[in-house]
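Thanks, everyone. Let me put the model on the screen, and then we will go through salt bridges and one interface.

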Amino acid sequence: MSATVIPYDVKPHPLTGMYNGKFGIWLFLASEIMLFGALFSTYVLLRVGAPEGTWPIAGSPTTRGDNILQVPLAALNTAFLITSSVTMVLAWANLKMGSFKKGQQFLLVTVLLAGAFLVVKYFEYNSKLHHYAVTFNEHFDRDGVESKSFKGLTQAGTEKTIHYLWGHVEETKKDADGAIQSYLFMPDHDTSHGGEGHEPKAVEIHPAEIARMTTFGPGGSSFLGCYFVITGLHGLHIVGGIVVMLWFLLTGSKMWKTQPDKYANRIECTGLYWHFVDLVWIFLFPVLYLL
Amino acid sequence: MSDHSHELPFWKKYIFSVDHKVIGIQYTVTALLFLAFGFGLMLVMRYQLAYPNQPLPGVFASVLSEPVVGEVTVNEATGETGKVLTGDGYNAFGAMHGTIMVFLAIVPLAVGGFGNFVLPLQCGAPDMAFPRLNMASYWTYLCGGILMLFGFFVKGGAANSGWTSYPPLSLIATTGQTIWLLGMVILITSSLLGSVNFIVTAVQLRVQGLSFFRLPFFVWAQLVTSFLLLLAFPPLEAAGLLQLMDRVAGTSFFDPGGLIISGVERNSAGGGSPLLWQHLFWFLAHPEVYVLILPGLGIIAEVIANNTRKPLWGYKSLVYSAIFLGFMSFIVWAHHMYLTGMGTTLSTFFQATTMIISVPSVIILTCLVISLWGARIRFNTPMLFALSFLPMFAIGGLTGLPLGLTASDIHLHDTYYVIGHFHYVVAPGTIFAMFAGVYYWYPKASGRMMNEWLGRIHWFGSFVFINAVFMPFFFLGMAGVLRRQFDQTETLHGAAVQGLTVMATWGAIGLALAQIPFVINFFWSMFAGQRVGANPWKATTLEWTAPSPPPHGNFDAVPVVARGPYEYSVPGESEDFSMQATA
Amino acid sequence: MGSSAHEIQGHLKKYYMVFGALLVLTGVTVAVAEFHVSIGMAIVVALFVASIKGTLVACYFMHLMEEKSMLIWILALCALFFLMLLLVPMFTIGEQDAGLMERMRGLSPN
Ligand code: HEM
Ligand SMILES: [Cu+2]
């Protein structure tokens with residue numbers, strides 16, 4: 001394409017032991033460490049500073065993320081990513097050993113695993129976005145459904161009783177002008193009045209009774225904000241990885257024919273990135289779900 | 001290395017070029033335009049400050065409209081009206097002035113412009129390590145910049161929470177703030193692409209014989225700068241993302257909850273921390289000030305060595321100081337936050353690190369000053385700028401010490417004293433270094449010299465007027481005038497020193513006029529400047545081995561380096577300079 | 001540089017072993033969490049296990065063990081700055097707010 005030949009484009013530099021691309025990707029990863037590092041310290045800071053009883057969301061019995069997140073799904077995703085890391089490194093190893101076909105096959109498996117990760121993530125996100133937390137102005141009791149309550153501290157340190165219910169909105173009733181009249185609210189099994197063994201039943205709630213109503217989406221609590229931003233950014237990294245890998249799956253053979261070493265290097269760099277994405281998840285999983 | 005560039009169509013050669021020199025020039029020109037624009041915003045503000053609530057003069061009045069300016073009646077009898085800057089307009093202009101100057105003008109000029117153009121040449125490299133990434137970095141920067149400017153046209157005007165964008169104010173600000181955040185994320189991405197490229201180039205693309213300690217100081221300065229950009233910027237990117245989420249997705253990272261806006265409580269889960277933003281912001285923004293100054297120091301070192309015709313005094317101390325400076329700059333950031341209620345233990349730590357970091361800066365300055373000792377100095381335009389840089393940077397640096405100690409910072413924080421301090425560092429400091437660099441490398445980039453006399457007029461005017469702008473700031477600050485203030489005459493202590501503010505405004509107008517010779521010189525010399533060969537300054541470093549302007553691929557033959565960067569007046573040599581490249 | 005075809009053949013086994021270790025350690029993390037130990041203990045265990053996993057990925061999949069010292073230094077620098085960024089904000093807020101320690105104790109379940 002251009003007349004200039006860049007030194008150490010393919011061969012490693014004697015001082016650093018890396019060709020340009022590899023050094024470049026490592027530097028990029030260093031900056032990524034700071035990016036995720038900042039988000040991680042945000043999480044720690046907010047968690048340490050959270051008023052009692054508000055982490056991960058107002059009303060949870062303990063501070064662990066699994067009060068509102070599904071550990072099995074995340075464990076499954078961990079397995080997907082770890083496996084994809086192995087297939088990625090195998091893709092590179094096979095290319096290095098001269099087997100293009102096997103290399104590309106492993107790359108394809110990596111893409112598929114990454115896709116599986118995203119699918120699981122989609123279901124996780126979706127369930128959060130349709131799950132509601134309602135905080136009432138005062139104690140709520142209608143048709144046998146009672147709000148739960150807990151005593152929390154505000155950030156100013158004063159005590160405050162919070163009345164709340166978690167559940168799903170079955171139906172939103174609006175008047176002719178489109179203003180909301182009431183919600184038909186189905187409380188979660190464990191928070192409903194009936195307790196274990198009883199069928200929970202839906203109850204009508206009026207906007208005037210509600211202090212705040214949110215989904216378990218990013219605005220639900222500090223924790224959920226952290227959860228969505230960090231996993232969202234991580235998910236974007238996965239998407240980026242998929243795009244790059246698909247690109248190499250589609251166009252790789254051309255480069256392989258003329259510059260097999262360079263192609264293997266590209267896959268190595270992609271791999272470094274991909275292992276980093278895996279590594280981030282290895283930390284995210286316990287931090288967000290298990291602590 | 002044959003010159004294939006002639007086969008490239010125009011748009012590939014000059015617009016979507018992957019050649020580091022073209023990209024460097026693109027960066028330089030774009031950044032200079034942003035510099036002028038940021039300065040223009042400040043002129044409007046200066047007018048308001050000197051003549052509060054008086055109609056703006058014609059030029060400004062004609063281009064500005066609601067909500068930046070408001071209509072007022074000037075003359076009751078005739079019904080004549082005029083336009084005055086509004087408070088909102090002032091806030092938006094102030095925030096955008098800061099943002100544009102720092103992120104769109106100085107950094108792109110110092111790193112994107114000079115770094116791109118000079119660094120590969122001084123390393124003897126044919127180009128950057130990743131030419132296409134380099135191109136992507138420029139275009140990302142341009143997109144970010146245009147997006148930032150687009151903020152002026154959305155409802156409520158551009159971002160108006162200061163260049164620091166402190167929450168919770170910034171959380172409830174108008175749409176312009178969202179644009180600002182998006183713009184920042186894009187600009188940071190551009191910086192990251194650039195810094196990776198710079199580091200790889202400086203480490204891996206040095207030609208044979210060019211060991212680390214034979215690198216010109218400029219390359220060292222750029223290398224340290226790149227590390228700062230690489231590791232300090234991502235936390236701000238994260239912070240920007242979080243603030244964006246706070247604004248658009250209803251999260252509450254920086255919102256502690258219970259915020260009452262116009263009588264209504266902001267709907268949020270609360271639990272956030274406004275101080276968290278300040279930490280993440282200053283974690284970047286302190287290293288950022290070294291990003292602003294280090295490349296400038298690099299340029300000054302080159303120019304001084306060249307025009308004193310002597311080796312730099314203490315080259316190794318310069319290098320070690322720059323590295324130490326870079327390292328320390330990551331652990332001083334909370335000195336911007338003494339007044340946030342920080343406890344004494346931590347503030348002691350940060351006072352100590354702040355005092356420590358001033359040591360390498362002083363070493364660098366001292367080395368540069370001692371380099372002048374006993375030299376037969378050539379007083380050309382680049383050298384004049386370099387020489388005036390030294391005392392200006394000294395003033396800027398020394399006035400920073402009282403800000404680094406809590407006892408005095410309590411009084412000076414958020415006053416015009418602070419504004420004076422950092423402008424002495426960045427305006428007569430960095431900008432003078434940038435001018436020195438433009439005059440110094442112009443012949444390399446264009447093959448023609450800039451006019452010397454226009455250059456001297458430019459230097460003299462700039463030097464006089466820039467001091468007239470910024471010197472009063474120290475006195476204003478010590479008199480208690482606050483920064484980001486729309487009209488100081490509303491306070492008694494402010495009204496008492498209004499004269500100084502008027503002086504600064506006229507200084508700024510003079511400064512604007514003093515740039516006219518530069519603009520003329522810049523364009524005129526492109527066509528009519530005296531043609532020169534490869535090495536008009538009789539300099540030693542590698543870029544002067546390549547033809548002027550260097551072709552695509554830079555060097556006619558890959559150079560081999562035999563000696564250090566500043567071997568001037570070596571005893572026994574026939575010339576007073578010995579070039580790094582062996583012939 | 002361990003990248004000739006023959007050497008890589010030898011690496012393959014290592015990759016599979018690391019893979020196995022990672023899966024086992026994931027199991028360990030989940031299992032420990034199921035015991036609902038005290039929060040302090042849980043943090044220590046979870047982060048310790050995660051660190052081992054991360055180290056395995058970095059050392060073997062990312063070949064960090066074979067890299068030269070310059071890269072290691074850069075990453076160490078990065079780690080140091082990350083720690084600063086993590087700890088300083090916490091300390092400032094901790095100092096401002098004597099109640100912090102109180103609340104950190106309050107993190108234990110019920
Ligand atoms: C050379 C002409 C310049 C003039 C006359 C000028 C003037 C001023 C003044 C008067 C303020 C205070 C505004 C206020 O507090 O209300 C200010 C703020 C500021 N300036 Fe400049 N400046 C100049 C160049 C620069 C440059 C080169 C930089 C680049 C780093 C810069 C960065 C800033 C920043 C960051 C602020 C703070 C904005 C804020 O409060 O959010 N200025 N400038
Ligand atoms: Cu600072």
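A salt bridge here is a side-chain nitrogen of Lys or Arg within 4 Å of a carboxyl oxygen of Asp or Glu. This is a predicted model: local features need pLDDT of at least 70, side-chain atom pairs count only at pLDDT 80 or more, and totals for chains, interfaces and linings use all residues. Residues are numbered from 1 along each chain as its sequence is written, chains are lettered from A and ligands numbered from 1 in the order in which they are written, and side-chain values use heavy atoms, with hydrogens and water left out.

How many salt bridges over all chains? The count comes to 13.

Start in chain A. Arg142(A) and Glu209(A) pair at 2.3 Å, N to O. Arg142(A) sits in strand β2 (residues 141–142), and Glu209(A) in the loop between β7 (203–205) and β8 (210–215), 67 residues apart. Strands are DSSP runs (E, at least two residues), and helices are runs of H or I, at least four; both are numbered from the N terminus.

Now exposure. Buried means under 20% relative accessible area, exposed over 50%, partly exposed in between (1.4 Å probe, protein chains only). Arg142(A) is partly exposed at 24%. Glu209(A) is partly exposed at 21%.

On to chain B. Asp255(B) meets Arg266(B) in a salt bridge, 2.7 Å from N to O. Asp255(B) is in the loop between α7 (217–248) and β3 (260–261), and Arg266(B) in the loop between β4 (264–265) and α8 (274–308). Both Asp255(B) and Arg266(B) are buried.

Next pair: Asp576(B) and Arg309(B), at 2.8 Å, N to O. Asp576(B) follows α18 (516–528) and Arg309(B) lies between α8 and α9 (315–328), so the pair ties together parts 267 residues apart in sequence. Asp576(B) is partly exposed at 28%. Arg309(B) is buried at 8%.

One network crosses chains. Shared partners join Lys22(A), Glu268(A) and Glu67(C).

That brings us to chains C and A. The contact (heavy atoms within 4.5 Å) takes 51 residues from chain C and 55 residues from chain A. Together the two chains bury about 4,800 Å², 81% of it on carbon and sulfur atoms. Buried area is the accessible area (1.4 Å probe) that two parts lose on being put together, summed over both.

How many salt bridges lie between chain C and chain A? The count is 1. Glu67(C) pairs with Lys22(A), closest N and O atoms 2.9 Å apart. On the side of chain C that touches chain A, α1(C) gives the most, with 13 residues.
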